[in-house]
Amino acid sequence: MYECPASYKENSAQERKLLAMVGRFRREFADLFPDRRPLLLCPFNEFGIRKFVCTTLRPTMVPYPDLYDWDTCASFVADHLSLELLEPPIDPPRYLLSPTLVLHHHRGTCFDFSTLLCSLLLGDGYDAYCVSGYAVKEICQRDQSLQECPLLVTEVKDTIPEQEPEQVNKYTVKPLWEPKSCFEQKQQEEAKALQLKKQHEAQLLQEESEQPPPDPLLGCRVHCWVLVLSGRRDVTENFFIDPLRGQRYSTTNEKFLGIDSIWNSVNYWVNMQDCSQGCANIVYDLENTMMWESVISGSAAQTLSVSSFKESEMAFLNDDEEEQDEEPKLFVMPWSWVSEITISKEEVHARWPDGMGVTHYRKAKLERYSPYLLPDGLMTRLTTYKDLKCTKASMVKEGYQNRNDRLEERELNMDDNVTTERFGRFARFSLKSHRYVTYNTDTEREMEFYSCGRYDKLVRRVESPGEMTETFQGRRDFLYYRHVIFAQQVLEPGEMPESDVRPLQKVVERFQRNRAKPASEDVAERVFLLTEGRIQVTCHFPDDRLFRAKRIFTKPRDETRQKYSITDLVFIPMPDPFEKPPGTLRLYRMLKELMEEETTMIESVNESQKEIRAILASREQEESNIELRSSVYQAVCIEKARRFKKDMERIAEEERLWRQERENDILAPFLMKLGNTEILCQTAAVQVHRDCLASLKQKLTAQANHIQKRCEKLEQELQQKQEWHQQNLANMTKEDEDKYLADCHDTMFMVHVAKLRLSRHEATAPLKYQALDEKLRRDPRLAPHLH
């Protein structure tokens, strides 16, 4: 047992007076309301001392900003503690442990969860209360297998775009009227309605099959949760907090079926309102004596501040002139017997006692890990399934932190085997996301980039075996789109390509409008037909024209450069009649500039191909040698987290060995009849010794009787076979005779074995009895009393 002050093992004079007052209240309440269940007023603590539940609360404000709000506190308590179910589930517990012990062992009942959470919320300034009542089975047992995963619900909401109202233009041309058959339209509507009806029926059948069986203890399962009233910390409305899940619920939620009582560190109130309709109609006006009956009467007891408890306690204890027998006019609640609640940075950092937490949802499983626990920086893993039994995985989504490669999320779709990786800022190549099947360069992939970290302002690249599309944003040359079609390479069988750069067949580039140039000179689209030796240029639309300039250039070859003029290499499909045609010098300069830009474009595309291979090689190297970012402070945290994990593993191993030792203890069943007492008196020790030997004697006698019955049964079967043989001897064939002899031989062998077992048992039984007697006399719990 951990170290604790004397207040854990004994009651002060003020606490004894308080227990007497609560005892009188309990008796009066039981006499007035005999049909109501007993209230949880003074359960035992870990030392078997009765303590009033109000004094078990210890308002504490921990020095961590992460635990200053109700949601972060509730999430920490739900993650840090393991649940122990109430046994039986329809009665409140006999023991209510201190929050310090609950934090030490990292487990407790729902009442222990609520006591710890309410203590933290009171320290943070919330008007919080522990609630003893009744709830549905999935709330009491922390079962979320029928609940949708909140991460999936958030994703669905984020993916639904907001539909903007369509603006109807009354001046638009109305479409032509199309003749329609009313009979065919009616048939289509009927078929659609029939299909929707079948889908609805199938959905109803599926929902009915997924519903759990009815709970026979519905309305009787005891549960404890936290109530937060409005008025403090900007809380505008009352709400419930389920400490097992760390979630907020409305006070009218149908999962909470009734309330027996509530309490905080000041007073205890019994609910006098009707709960036949659940908690929907309950009014939380604690000053109304018709709705709530308080254990400590007087309005002053309800208005005392938390900070004045200890001062009031010390002032009361130092008052020597007041008589002990006389009850004060205003009873002051004693200060909590629980020592100060301390939560270390390691516990806040580790979050879960063993470093990880697993939650099962409907068709989903969520795994969460402490920072730096796993070498690859994994923090969360969400697995969705196709069936309710969670056997066929559909998607795996992993979240990472503190990785040198800046990987933050990886999503694997099992249906099409597509992996999507998302990176944070300052990743290599300014990579933002990467969607691929494999790292093989001959497969389809999609990459997104942070444009602010790239000189070419690339934001997206889509590659397939024969094509590549790039999207840009914010370039000075106004380029925003490039589509590349690669030429097919004809290779001999077994021949490898000369380089990783694939030849180009066609490249399409598109540009945004540059207002500094006239529209007839501002290029909107360029098409490089490399295999044909042609370049198509299309300009932007002028503001006052319905057509735009378009030119087709044919690149001259070396042998034809001197034979043809520049006008023979340029084709203008639709010349602008309102504009002067370009001259020969201007066309020559345009062609020369396009040929230079074509060379630059080819180099840029080749660089993109090389960059793709560099990214894939870099990702393979980073995945093979994963490194985590860590500063000096983080290194200390990592070492502390690892040491904390080892301590938790050591404690778990010690508890496992202790349980195993308790299970192998032959005196455990007999000590349980005496209340599991470790120190026995002489009468109890003699009784345990006698009962243990009598139990062994009864067991040995039962074994001997079983072997004797088995032997007699086999002899009887052998005798019946011999009688049958004498009666049918004249009609038996040789096969029947051989089968009879084989059966007789097997039966006689089993009779012989049974007699040997019986004789051996009769020989070893006294030795076992004597060995147990000697073992009991050597047991340190019985030895002092047996002579």
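**Close-up views of a predicted model**

**Figure 1. Cysteine residues Cys140 and Cys110.** A search of the whole structure, which is a predicted model, finds zero disulfides. Cys140 takes part in no disulfide, and the nearest cysteine sulfur, belonging to Cys110, lies 6.8 Å away. A disulfide requires the two sulfur atoms to be within 2.5 Å. Cys140 counts as buried because its relative accessibility is 10%, the limit for a buried residue being under 20%.

**Figure 2. The largest nonpolar core.** This core contains 55 residues, of which Phe52, Leu121, Tyr268 and Ile343 touch the most other members. Helix H5 (residues 110-123) supplies the largest share of the core, with nine residues. Apart from this core lies another, made up of 34 residues and including Leu378, Val484, Leu504 and Met590. In soluble globular proteins, nonpolar side chains tend to be buried together.

**Figure 3. Surroundings of Tyr268.** When residues up to four places away in sequence are not counted, Tyr268 touches Leu39, Leu40 and Leu41, together with Phe52, Val53 and Cys54. Tyr268 also touches Ser261, Ile262 and Trp263, as well as Glu293, Ser294 and Val295. Among these contacts is Phe52, which is named with Tyr268 among the core residues that touch the most other members.

**Figure 4. The aromatic pair of Trp225 and Phe256.** The structure holds 14 aromatic pairs. One of them is formed by Trp225 and Phe256, with a centre-to-centre distance of 4.8 Å and 50 degrees between the planes, a tilted arrangement. The pair links distant parts of the chain: Trp225 belongs to strand S4 (residues 222-229) and Phe256 to strand S7 (residues 256-263), and the two residues are 31 residues apart. Trp225 counts as buried because its relative accessibility is 0%. Phe256, at 1% relative accessibility, therefore also counts as buried.

**Figure 5. Tyr249 and the aromatic cluster.** Tyr249 and Phe256 form an edge-to-face aromatic pair, 5.5 Å centre to centre and with 70 degrees between the planes. Both Tyr249 and Phe256 are buried. One aromatic cluster is formed by Trp225, Phe240, Tyr249, Phe256, Tyr284 and Trp292.

**Figure 6. Arginine residues over phenylalanine rings.** The ring of Phe449 has the charged end of Arg454 sitting over it, at 4.6 Å from the ring centre. Arg475 lies over the face of Phe472, and here the distance to the ring centre is 4.9 Å.

Key:
Residues are numbered from 1 along each chain as its sequence is written. This is a predicted model: local features need pLDDT of at least 70, side-chain atom pairs count only at pLDDT 80 or more; totals for chains, interfaces and linings use all residues. Side-chain values use heavy atoms; hydrogens and water are left out. Buried means under 20% relative accessible area, exposed over 50%, partly exposed in between (1.4 Å probe, protein chains only). A nonpolar core is a set of buried Ala, Val, Leu, Ile, Met, Phe, Trp, Tyr and Cys residues joined through side-chain atoms within 4.5 Å. Helices (H or I, at least four residues) and strands (E, at least two) are DSSP runs, numbered from the N terminus. Contact means heavy atoms within 4.5 Å. Rings of Phe, Tyr and Trp (its six-membered ring) pair if their centres lie within 6.5 Å; planes under 30 degrees apart count as stacked, over 60 as edge-to-face and the rest as tilted. A charge sits over a ring if NZ of Lys or CZ of Arg is within 6 Å of the ring centre and within 35 degrees of the ring normal.
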